[in-house]
Structures are given as C-alpha cells and as structure tokens.
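I opened the model to look up how its chains meet and how some parts of each chain are held. My entries follow in the order of looking.

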2 protein chains.
Amino acid sequence: MSLGRTPDFYRYVEHPISGAQRDGDFVVIRWPDGEEMRAYALWLFENRMGDESIDERTRENKLDPADLPSPEALSGVAVAPNGDLEVTWRGYPPSLYHSGWLRHVHEGRHTQSAHIPPVRTWTVSTLPELPTFNGPHVLQNDEALRAWLTALAELGIARLVELGSDEEVVTKVGLRIGALRDTNFGTTWAVTADLDPGSVANTALPLAPHADLPTRETPPGYQLLHCQVNDCTGGLSHMTDGYAVAEYLRDNEPDVYGILSRAKWIFFNRSPDHDHRWSGPLIDHGGPDSPLTFRTFHPVRAFPDMPESDVPLAYEALRRFSALARSDEYQLRSVFAPGELVAFDNRRILHGRGPFSETTGRRVLRGAYVDHDEVHSRLRVLMRRHQTARISDGPE
Amino acid sequence: MSLGRTPDFYRYVEHPISGAQRDGDFVVIRWPDGEEMRAYALWLFENRMGDESIDERTRENKLDPADLPSPEALSGVAVAPNGDLEVTWRGYPPSLYHSGWLRHVHEGRHTQSAHIPPVRTWTVSTLPELPTFNGPHVLQNDEALRAWLTALAELGIARLVELGSDEEVVTKVGLRIGALRDTNFGTTWAVTADLDPGSVANTALPLAPHADLPTRETPPGYQLLHCQVNDCTGGLSHMTDGYAVAEYLRDNEPDVYGILSRAKWIFFNRSPDHDHRWSGPLIDHGGPDSPLTFRTFHPVRAFPDMPESDVPLAYEALRRFSALARSDEYQLRSVFAPGELVAFDNRRILHGRGPFSETTGRRVLRGAYVDHDEVHSRLRVLMRRHQTARISDGPE
C-alpha cells in the first residue's frame, strides 16, 4: 500500500518549495514568492506518514510523546523533485511533506478561526429584518446550508422559512449541522403556555432579553426555534445583538461594562429534580480563547457572588444593560410565523418575546440546541469542500 | 392560594432571626448565635414571593432588571413573630423571607461548590485499586447512586461491577445521572478493533495516557466505559490522575508546569465529515472558574500555536508529562472484566490501554459521555434529599 501524502484526508493544491535548510532544530522552508516557514524538527517527526507517527488508516498521530526522539534525529533536509520537503532522520526512514500541506499551515489555514467568518455586530438600523433563507433548500443542498451557517456565524442569527409545521422539523435541521445538545428539557423541547410550567418560558408572560441556561459551565451555543403554531395576539419575537450592546457600553460607559464583565452571580435553576449552578459575570469572557457568553437569563440569576461594595453597582449596571437590550435601537421585533425556524447564537443574541393572550389562540414553538463546536465543524467541512471543488484535479 | 415561603421548592430548617436593621441600602440580619448577614435591598426585592418578582408556579424571578425600583423603595425591616424577616416597601406590598432560607445563603450553601465533595488527588500508592461499587444497586437505589457519584467527584474515577453485558447498560447508567452528551461518535459508541477505525481507539494499538476530545471548547466532563467482552490477551486498562501529575510538576518542576499551562496547541480531528478544532494548552485552566482540563489526546494534537521560542520547551515538557503519566507511580493498571463499567472525569483522569492481540479474542467496550454539569446537578439533588430526610418535620 502506498502511503497517503498528508497527515489528514484533505486535498491540497501543490505549492512546490524552492529551498529548505536546517537552522538548529528548526527547518526553514522557502517558496519562490519569498514566503518562508520555520518548522520544528519534532513537529515534522510527529507528522511523518507511516509506522512511527501518523497511522495510515486514521491519519492520527499514534506516537506517545514520551517516546519522541531527540530533535537531533533530524539529519538532513532537501527539496524533492516535485517540490515537496524531504527530510532524512538518524535511525528512521526518510520522510516527505506535501508542499501544499506545508503552505496551508504557513498561511494559517490550519487554525481554529480559518474557515469561520468574522463576527459582524448589528443594531436595528443596520439589520432591520432577520436574514432569511429557504428552509427546504438548506435541508437538501450543501451550498444553501453553507450560506445559512455563514450568516449565522457572522450575524449570530438567521431565519429559515417554508418549513411547514411538523414536530420533526427542528431535529431535521439540527442534524444537518451535527449532534444536538441534550439537557433536562430533552433533545428538543416545546415552548407553549399549555404546559405545566417548569420555566417562565412556558407561560404567557413577557420574557426580557436573555440567553438560555447560564446555569451551565458552557451554555448551549446555538438555539434553533421552530414555530409550529402562532395564531394568538401578541408574542412578538425579540432579538438583540448582545455583542453590539457590549461594544456600545465598552466604548461609552466603561464603568458599567467593567462591572458587568467582573461581578459574578450564582445562576441556578429551581427544579425539584435538577440543581444546575454556575457562577459567572453577565458578560462572561470565560477562558482566554472562549467566545464571549452573555449570562442574562434573569429568572435563574439567584445570588450575588461578589464583594459587597460591588453589589449596588452591579444592580445599577444590570438595569442599564437590560434597558439598552430592550430599546428600539437594539431590539429587533418580528412576528414568528408557522413554518419558520429562527436560529441564533445563544451566547451572543439576547432573545425574548412580548406578552401574548392565551385566549386568542395558541403559540407553539419547538426548540433544540446545537453547540458552537458543531456549527464550526460543519462550516469548516462545507468551506473545505467548496474550496476543493475549485481545485483543478492534480495528482493527490 | 397561599404563597410559597421560599423562592424555590426546597425545605429549610427554621432558623429564627433575632434582629434586623437597615444600613443604607443593605439590611443587616442577626441570629441569636451572633451570626450576621448583610443583604442588598434589590436582591431582597428580586426574591419577594408574588406578582412583582418570583413567579409562584416556576419559583423563577420574572422581573426584567430594567424595571427594578430604586433601592429606596425599601422602607422598613422587622422580625416577624416566627423569626422570619419582614420587609416593607414603598408602593409594594410587604414581604416575608424564611429564616432558614436566609441562613442557608449566609452559610454559603447556595454556592456552586456547596454539595460537591472536594477533590482528593491520588497516586498508585494511595489508591492501589479502583474504588468499586455494586452496579445493580446504583441503578436502583438513590443512596447507592450518591455514594458512587461522591467517589467519582472526589477521586475522578469509580467502577461499577456485576452489570452484565447488554449493550444498553451504559445508557441506563448514564440516564441515572442526566442527559448524555452526543458527539459525532453517537450518544453511545463502541471501542473495538473490529470496526473500520475512525480513531486510533478502534485499533489494537496501545493508547498513551489521554483525555478525549480536546478538539472541543469544553471536552466531555465524564466518560462511562462499559466492558461487554474481553477475552483477548493484553489490553490492560490504564488510569492516571492528571491532577496528581500536575501537582507534582507545579511543586517540583515549575518550568515544565509553566509551559504546559501556557503554550497552546491546535487540536483537530481528521475525519472526512467533521473538522473540530480548538486551541489550548495541555493543562488548560480555561476561564477563571472552569475546572482544569487536560488536553492530552495526542493523536489529535496537530500544530503548535505558540511563539517559536516556546516550541522546543513545549515538546520537552510534553515528553516529561507523558513519561510521568505512564510511570508506575502514577498509572493504575487493571484488567477490564465484562460486566464492569468504569466512570472517570475525562478532563482530569488520563486513560489509556496496553496493546492487545486481536488473534486471541475480542475486546468490546461501549462508552458514553456525561458532562460535569449533569453529575454535579444530580449530586446536589441527592445530597439535598439526603439532608432533607434528616430534617424534623416542621411546618414548611
């Protein structure tokens, strides 16, 4: 069996290198356009195809790091006839590295953010209507799926229409992306005033701008809400870009922004059978690489978890943030029609609704959660296929 | 309908207060034993039972923070005849606060860590055998479930025995805790060399000490592995307490510990249909309140994401960490017998296995993931019930 040429299953355009030389334990790789990449010897070793490093069947590195050789095992570098990098090793067979694969790393296309569109914040004046896509197309066609997910990642929100009223719609749409995130509410769940309420969501009460499940370490990334029935008066759907509100506060009211990002609250749910708790600020930066999370479902914001001197300021900031989030400038309000599915970033977009009248009709939504990881993975795969389709068919 | 006395559904022992007075916008609450609590006026307002604040049916706060009154709405405080706190408000009906509920907040039993046992690290000399519990008891009895989950939270690992070999065992055990975490491998998944391998786990290769899915923002919290068949030679199960290794390095080799906690790697899976990526250090402290996460599944550790000067140090530290993790001092090795289920904290315990021989027999495991949130919620509910069972029946 001939070995695969890359430590993965992707296709890369050939990008022949023009030179390679050793510099201590690094290899300096050069392209004819003057670009230069520095690769550490042991990183190259880990990415060798074959028995010592990359497993041929899974293309996963099977090396226990405790067994890595010394970087001095690298004994020579050269340019192969086809422009690949050729490395010789003391005590191991030589190895080849695909020039296009090296170039994709050099260009940063291996990074977490590589195929994910950058965030664009919005207010009602820049986004007066929900971005809208044809639901059946998204279910059947990968390019339509890619367009919808791209809008979702950029704006945090995008709507599908013409999906009908079946209970299975939200599951079908979710599985086009990836695994659904299960919680104590189930893999999919109803929002309707007909239910015995375990949450204020299942009442006819208005809901202030919020993001679901701040009681979790990592709240659900995206929320899919499908409207099955809506023939009552009231119950407008409200959406606010939390990022836009946070940007405004950061630039104009830094004290308010500061306390919202610093002062922690204990969030917990009050169910007899569950007791989820998390302590964090309203504007939660999480780890150094985590996306911003708004912990803004006030029905489960239960206790201040901050120095006493911060408490009055934190309440004042809370009030200010909520007033902005529901203002005409930031809150996009729309009718939620049967057959529509609104997807939004649950850690970014604050959703809510106006009160509705239970006597005039029914309002039945079905929801599901899909984590950021899943949306990003699907987007990367679709982007990769989209790009590969444009690669002229060279030898792989 | 008489209002519930607390903003939740729990029972509290009466703990009559002896005094209450106003201090600016705070209320100072005193108990006969000298304990004193300071409560902010608006926090008390948010926790009023009734129409303005706590919804009677859900016991959730239904107040939009933008509508909070000024703290000066608080006009008077007093001790009620039964020792509860009584507060009068300008423009709102007076409200009562259960003395036992106030005391539980004062004692910090409302916090995230309140009912979760503290972590105890271990090495092979302090934990020579896996802590073991009777599986059928855990499936049927809540006290047995509590004992098992307590060991799991403390030690990061605990085994169930006598569960038989049915494929459904792992689901049944998982659902005793809460929602299972689905991934592209499915809600439950097989580990066996019979499969077309999408991961090195499904080969007969040895697996170095690792933690699953470092490609995710928050890797799965707990892993349940149920052994259905194991009649081949080899394939010992390996378990290392990552916390113990990290403690040792922090205290004895601070440079190694430093680089492991600082230098980031891009983790990504190489599947044709998924492209999960995350960038983080091996010892990942995440957000300020996140539990430590070990990102140690080397088959998906793909690219350094750090300054070049850190790369050689990072490889050296990687080698050192892996050598410790698989040493006799830290790695607990055991036979995995059919009918056993080993549960472990996937962000703490590094698991692995010895190589096995595919010609001598089969080794079939079935796994599932359950997040920390779910384990902690279940533990809190069980602890609460355990404690409530000991409360003498006073009026609720």
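Entry 1, the interface. I note at the start that this is a predicted model. I looked up charge pairs between the chains and found that 10 salt bridges cross the interface of chain B and chain A. I picked out one pair, B:R326 with A:D64, whose closest N and O atoms are 2.9 Å apart. I then counted polar contacts across the interface of chain B and chain A and got 29 residue pairs, both residues at pLDDT 80 or more. I asked which helix of chain B gives the most to the side that touches chain A. Helix α9 (residues 372-388) does, with nine residues. By residue type, I have 42 nonpolar, 26 polar and 32 charged residues on the side of chain B that touches chain A.

I find 100 residues of chain B and 101 residues of chain A in the contact. The two chains bury about 8,200 Å² between them, and 50% of this is on carbon and sulfur atoms. I looked for the three residues that supply more than any other three to the area chain B buries against chain A, and they are B:R270, B:R277 and B:R319, with 9%.

I superposed chain B on chain A: the rotation is 180°, the shift along its axis is 0.0 Å and the RMSD is 0.0 Å. The two copies are therefore related as by a two-fold rotation axis. I asked which residue of chain B comes closest to the rotation axis. B:G287 does, with its C-alpha at 1.7 Å. I also compared the two sides: 100% of the interface residues of chain B are interface residues in chain A too, so the copies meet through the same surface.

I located A:R301 in strand β17 (residues 301-304) of chain A. Is A:R301 buried or exposed? I record it as buried, because its relative accessibility is 2% and the cut-off for buried is under 20%. Its side chain makes a polar contact of 2.4 Å with the side chain of B:E46. Leaving out residues up to four places away in sequence, I list contacts of A:R301 with A:W265, A:I266, A:F267, A:L282, A:Y315 and A:L318 in chain A, and with B:E46, B:N61 and B:P65 in chain B.

In chain B I took helix α6 (residues 242-252), whose buried residues are B:G242, B:Y243, B:A244, B:V245, B:A246 and B:L249. These pack against elements of chain B including α7 (254-262), α8 (311-325) and β20 (349-353). I found a cap at the N-terminal end of α6(B): a side-chain oxygen of B:D241 lies 3.1 Å from the backbone nitrogen of B:Y243. In chain A I took helix α7 (residues 254-262), where A:V256, A:Y257, A:I259, A:L260 and A:S261 are buried. Their cover includes α6 (242-252), β14 (277-281), β15 (283-284) and α8 (311-325) of chain A.

I get 56 salt bridges over all chains. In one of them A:D33 pairs with A:R103 at 2.8 Å between the closest N and O atoms. A:D33 is in the loop between β2 (26-30) and β3 (36-40) of chain A and A:R103 is in helix α2 (residues 99-106), so the pair ties together parts 70 residues apart in sequence. I note A:D33 as partly exposed at 46% relative accessible area, and A:R103 as buried at 8%.

I also looked at A:D371 and A:R181, whose side chains meet in a salt bridge of 3.1 Å, N to O. A:D371 sits in the loop between β21 (363-370) and α9 (372-388) of chain A and A:R181 in the loop between α5 (169-177) and β9 (188-191), so this pair ties together parts 190 residues apart in sequence. Both are buried, A:D371 at 15% and A:R181 at 13%.

In chain B I noted a salt bridge of 2.9 Å, N to O, between the side chains of B:R5 and B:D84. B:R5 is in the segment before β1 (19-23) and B:D84 in the loop between β4 (74-79) and β5 (85-89) of chain B, 79 residues apart. B:R5 is partly exposed at 27%, whereas B:D84 is buried at 3%. Last, I traced a network in which salt bridges with shared partners join A:D33, A:R103, A:E107 and A:R109.

Terms used
Residues numbered from 1 in each chain as written. Chains lettered and ligands numbered in written order. Heavy atoms only, no water. Contact = heavy atoms within 4.5 Å. Buried area = accessible area lost by both parts, 1.4 Å probe. Salt bridge = Lys/Arg side-chain N within 4 Å of Asp/Glu carboxyl O. Polar contact = N/O pair within 3.5 Å; in protein donor to acceptor, adjacent residues only side chain to side chain. Helix = DSSP H or I, 4+ residues; strand = E, 2+ residues; numbered from the N terminus. Nonpolar A, V, L, I, M, F, W, Y, C, P; charged D, E, K, R; others polar. Buried < 20%, exposed > 50% of the residue type's maximum accessible area, 1.4 Å probe, protein only. Least-squares fit on C-alpha atoms with pLDDT ≥ 70 in both.
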